[in-house]
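Please view the sequence and the model side by side while reading.

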Amino acid sequence: MDAPNDLNALADEHLAAARTSPHGRSAHLLLHEDPLRQTVIALAAGRALDEHNAPPAASLQVLRGSVRLTAASGDVELVAGQLYPIPQERHGLLALEDAAVLLTAVND
C-alpha cells in the first residue's frame with residue numbers, strides 16, 4: 001500500500017508552485033480509483049478556474065486561503081477549514097487570496 005499523502009505538505013508545495021507558475025495554478029491528482037478522484041488544486045490570489053461542468057457528485061474543502069465558488073445559483077465564499085458540496089451546474093473558482101483546495105469528485 002502507498003504511503004499516506006500529507007495534505008498540509010501538498011498544499012504548501014502546490015501553493016509555492018502556483019505562485020511561480022505563469023498560469024498561477026498547480027494541481028496534483030492525489031487519488032484516482034474509479035469513480036472517485038481527489039485532487040489538490042492551488043491558485044495564486046486573483047487567479048481562477050474558468051466556468052466548467054460539474055461532475056455527478058463533488059465537494060470542495062479549502063486547505064489554505066479563501067476562494068469564491070461561482071455558480072448561477074449564487075456565489076459562495078469559503079475559507080480554510082470549510083467543506084462545501086459543489087452544485088450540479090456549471091461553476092468556476094476564484095482565489096480571493098493564495099489558496100489550496102481539495103476537490104473530491106465522483107464521475108460516471
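## Sheet order

Two strands count as paired if DSSP finds at least two bridges between them. The model discussed here is predicted. By that criterion, five strands make up an open sheet with antiparallel pairing, in the order β1-β2-β9-β4-β7. The edges are taken by β1 and β7 (83-85), each of which has a single partner strand, so one side of each lacks a neighbour in the sheet. From one strand to the next, the twist averages 20°.

Strands of a sheet are held in pairs by backbone hydrogen bonds, in a parallel or an antiparallel arrangement.

## Strand β9 and its partners

Strand β9 covers residues 99-106, and six of its eight residues are buried, so the rest of the structure largely encloses β9. Strand β2 (residues 36-43) runs antiparallel to β9 and is joined to it by eight bridges. Within this pairing, I41 has V101 of β9 as its bridge partner, and T39 has L103.

Strand β4 (residues 57-64) is also antiparallel to β9, with seven bridges between them. Here L60 stands opposite L103 of β9.

The loop between β1 (25-33) and β2 contains P35. The peptide bond joining D34 and P35 is cis, with omega about 0°.

## Helix across the sheet

Helix α1 (residues 7-20) lies across β1, β2, β4 and β9. Relative to β1, helix α1 runs at about 145°.

Key:
Residues numbered from 1 in each chain as written. Predicted model: local features only at pLDDT ≥ 70, side-chain atom pairs only at ≥ 80, totals over all residues. Heavy atoms only, no water. Buried < 20%, exposed > 50% of the residue type's maximum accessible area, 1.4 Å probe, protein only. Helix = DSSP H or I, 4+ residues; strand = E, 2+ residues; numbered from the N terminus. Axes fitted to C-alpha atoms, helices over the stretch in contact; angles between N-to-C directions. Contact = heavy atoms within 4.5 Å.
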